[in-house]
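Subject: Structure handover

Hello,

Here is the structure you are taking over. My notes on it follow below.

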Amino acid sequence: MAPELLYGGDYNPEQFSREVWVEDVRLMKVARVNTVTVGVFSWSSLEPSEGVFTFGWLDDVLDLLHENGIGVILATPTASPPPWFSLAHPEALPITADGVRLLHGSRDTYNPAAEAYRHAARRIATELGRRYGTHPSLRMWHVHNEYGTVSFGPVVDAEFRLWLERKYGSLSALNEVWNTTFWSQRYGEWAEIFAPQATQYLGNPAQLLDFRRFAAELLLAAFNEQSEILKSLSTGIPVTTNFMLPSWLHYDQWAFAAAEDMVSIDDYPSEPGVEGHAQAAFSGDLARSLAGNRPWLLMEQATNLVYRRDAMLVRSTQEMVRSSLQYIARGSLGALFFQWRAPRTGAELFHSSMVPHSGEDTDQFRGTVHLGALLAELSELAPGSRQAEPVAENRVAILWYPEAWWAAEARGLPRADLNYLSLVRQVHRALWLAGVGVDFVHPDHELSGYDVLLLPLAIPLSTAQAEAFEDYVGAGGVLVAWYFSGTTDDNFSVAPGGYGGQLARVLGIRVQMVHPVDNALELSDGSTATRWSEHLDLRGAEAVGHYRGGALDGQPAVTRHQFGGGVAHYLSTHLDDDALRRNLVSILDQAGIQGLAGDGLEVIERRVGDGHFTIVLNHTDAPGVVTVRGDDLITGQSYAGPTEIAAGAYLIVRT
Ligand code: GAL
């Protein structure tokens with residue numbers, strides 16, 4: 001069969017009668033749905049009491065889908081253990097950092113460290129693997145849903161101690177690294193150590209960082225054991241688990257991605273208009289990077305109403321279509337949604353869906369049909385057997401790693417609102433608005449393929465990582481580091497030589513002191529900034545911008561250091577959006593990198609095997625002009641120069 005883009009969503013037939021299933025399949029065919037994700041929260045329907053399995057309904061669903069040419073991504077339902085499980089195994093319920101045991105009543109009520117939970121999860125995964133591992137409808141295994149549960153309490157404490165013993169070998173090593181003499185925390189027995197729960201005042205940040213690592217590894221171990229079971233019971237079926245992007249920090253996305261056959265994400269941009277598309281671009285770039293620049297899958301997005309803070313965000317069909325194209329242009333195998341049919345009731349009863357409560361004769365369902373018809377015409381963008389080939393060719397990368405996020409969340413920092421995610425998003429957004437394609441990269445990965453590396457708020461860096469940045473710049477790379485980066489080693493110990501000590505050599509500066517500020521700051525080039533400033537000494541770097549006014553009047557604020565064959569820049573303050581964009585564009589310009597279009601007129605170059613495609617998306621409400629050469633994938637029309645794209649429209653061109 002020729003490859004096609006995947007189209008469909010989470011399908012929960014267990015909530016509906018068999019008559020509705022027949023109607024579902026009819027509507028799926030109308031909408032050209034070819035893939036549905038089944039079973040994500042079906043545990044209590046599949047195992048209504050311990051060890052008693054009721055697979056009959058799922059057999060029928062999978063057969064029905066298969067007869068109608070619809071492929072299945074089959075989930076293990078382990079994100080929501082049934083009530084009987086929680087009653088029988090209270091020790092497997094999660095406990096918050098405040099010591100509150102959460103009871104059954106929602107989802108994700110499990111403790112990933114509890115053996116009873118892990119055992120029950122392995123058992124249901126085994127049963128599913130045995131029964132459906134060779135079912136002809138099966139396209140992919142979807143383990144769990146959005147790993148992210150962190151628990152505390154005795155079961156976790158015991159596991160954490162074992163993890164620490166493995167890491168440190170001896171208590172004296174742990175005491176040394178955590179500097180437990182501070183506030184008399186010196187440990188004489190492993191049993192004295194607890195996971196960092198609610199305590200009197202500030203906790204130990206090194207302990208916190210280790211706990212984050214431990215908790216992330218625990219989730220990965222839970223994934224791995226299910227993945228191994230499913231692989232042993234099927235042949236050639238890829239295994240994935242869906243990441244909730246971008247705001248979930250409980251796991252190490254890179255480590256998960258390396259363990260998966262297919263990276264998949266859920267993404268729910270929360271802002272209207274161009275800002276929402278900047279958010280989708282962020283998640284799509286992150287997913288492609290996590291996937292090693294290979295195809296990945298958008299497992300969930302919302303149709304026309306997106307859950308968020310106070311009021312749901314309404315998005316038009318045009319916006320839904322353009323978002324879907326943003327992900328596909330970045331390597332997604334297709335566009336899947338949460339969810340196919342709106343539930344009658346249940347926790348998320350007003351969540352949007354491909355088939356809304358008001359049924360078939362609605363603009364929402366017509367939008368579902370419209371997108372399905374469009375994706376069917378874009379099958380050239382489906383990688384098929386070319387999934388091993390790279391998707392993009394970006395020269396700029398942003399450093400993204402969990403320790404940086406975890407460190408910025410610690411208490412006791414010079415500012416409580418050092419927000420890693422929002423700074424990384426600010427940097428990505430500035431580049432996206434400037435039309436520059438970017439990847440994300442982990443500090444331990446190969447860096448030499450990039451011309452420019454951006455390090456926002458990279459507080460903890462190991463010595464090996466710092467040396468890798470020196471080698472990178474020494475060999476001709478351009479590095480831009482933000483304030484407070486490199487201030488500690490990877491165990492949260494302040495590096496020698498002042499703040500930023502791990503990067504001091506490559507940046508050619510020394511940070512004497514940090515100056516968090518409440519007022520706005522001004523720099524000599526007219527840039528405005530907020531929140532943060534630093535008293536810098538130049539140790540080889542030159543100042544390219546100074547603070548103007550205030551405590552640091554006339555002191556360097558932005559520096560540049562020629563180091564070996566490359567250049568290292570430092571931004572010691574939190575630049576406002578416009579100033580940040582100006583600074584980055586100028587640095588990229590010096591490196592010979594220019595953006596394509598921008599300001600919401602998005603141009604994405606996509607490779608699929610030997611094919612090259614240009615995807616132009618106009619997210620603005622004004623027409624835009626872009627230079628394109630090639631043939632329109634839908635109309636066949638040829639373009640050979642400046643081409644107007646109407647407000648809200650798109651072009652997909654084979655170049
Ligand atoms: C996702 C989740 C779905 C559904 C959706 C609502 O994070 O995987 O099950 O809850 O959010 O937007």
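In α5, the residues A116, Y117, R118, A120, A121, R123, I124, A125, T126, L128, G129 and Y132 are buried, where buried means under 20% relative accessible area, exposed over 50%, and partly exposed in between, with a 1.4 Å probe and protein chains only. Helices (H or I, at least four residues) and strands (E, at least two) are DSSP runs, numbered from the N terminus.

Before going on, note that this is a predicted model: local features need pLDDT of at least 70, side-chain atom pairs count only at pLDDT 80 or more, and totals for chains, interfaces and linings use all residues. Residues are numbered from 1 along each chain as its sequence is written, and side-chain values use heavy atoms, with hydrogens and water left out.

Helix α5 covers residues 115–132, 18 residues in all, and reaches 25 Å from its first C-alpha to its last, close to the 26 Å expected at 1.5 Å a residue. The expected span is 1.5 Å times one less than the number of residues. The buried residues of α5 pack against α2 (43–46), α3 (56–67), β3 (71–75), α4 (83–88), β4 (138–142) and α8 (205–232); contact means heavy atoms within 4.5 Å. T134 is in the loop between α5 and β4. T134 is exposed, with a relative accessible area of 72%. Its C-alpha is separated by 44 Å from that of G99, 35 residues apart along the chain.

Next, the sheet. Five strands form an open sheet in the order β24-β25-β28-β26-β27, and the pairing is antiparallel; two strands pair if DSSP finds at least two bridges between them. At the edges stand β24 (601–608) and β27 (638–645), each with a single partner strand, so one side of each has no neighbour in the sheet. From one strand to the next the twist averages 25°. Helix α11 (residues 317–329) packs on the sheet, where it touches β24, β25 (611–618) and β28 (650–654), and its direction makes about 150° with that of β25. Axes are lines fitted to C-alpha atoms, for helices over the stretch in contact, and angles run from 0 to 180 degrees between N-to-C directions. Within the sheet, β26 (residues 624–632) and β27 pair in the antiparallel sense over eight bridges. T627 stands opposite P642 in β27.

Some other strands also pair. Strand β17 (residues 521–523) runs antiparallel to β20 (residues 542–548), and two bridges join them. The bridge partner of L523 in β20 is Y547. Four bridges pair β20 with β21 (residues 556–563), again in the antiparallel sense. Here H546 stands opposite P556 in β21.

Now the rings. The structure holds 33 aromatic pairs. Rings of Phe, Tyr and Trp (its six-membered ring) pair if their centres lie within 6.5 Å; planes under 30 degrees apart count as stacked, over 60 as edge-to-face and the rest as tilted. F282 and W400 have ring centres 6.0 Å apart and planes at 80°, so the pair is edge-to-face. F282 lies in helix α10 (residues 273–290) and W400 in the loop between β12 (396–399) and α13 (402–408), so the pair ties together parts that are 118 residues apart in sequence. Both F282 and W400 are buried.

The rings of W296 and Y327 have centres 6.4 Å apart and planes at 90°, so this pair is edge-to-face. W296 is in strand β8 (residues 296–300) and Y327 in helix α11, 31 residues apart. W296 and Y327 are buried. Ring pairs also link W43, W84, F85, Y110 and Y117 into a cluster.

The charged end of R425 sits over the ring of F282, 5.5 Å from its centre, and that of R341 over the ring of F16, 5.8 Å from its centre. The rule is NZ of Lys or CZ of Arg within 6 Å of the ring centre and within 35 degrees of the ring normal.

Finally, two loop residues. H351, in the loop between β11 (332–337) and α12 (363–377), counts as buried at 6% relative accessibility. D310 lies in the loop between β9 (305–306) and β10 (313–314) and is exposed, with a relative accessible area of 82%.

Regards
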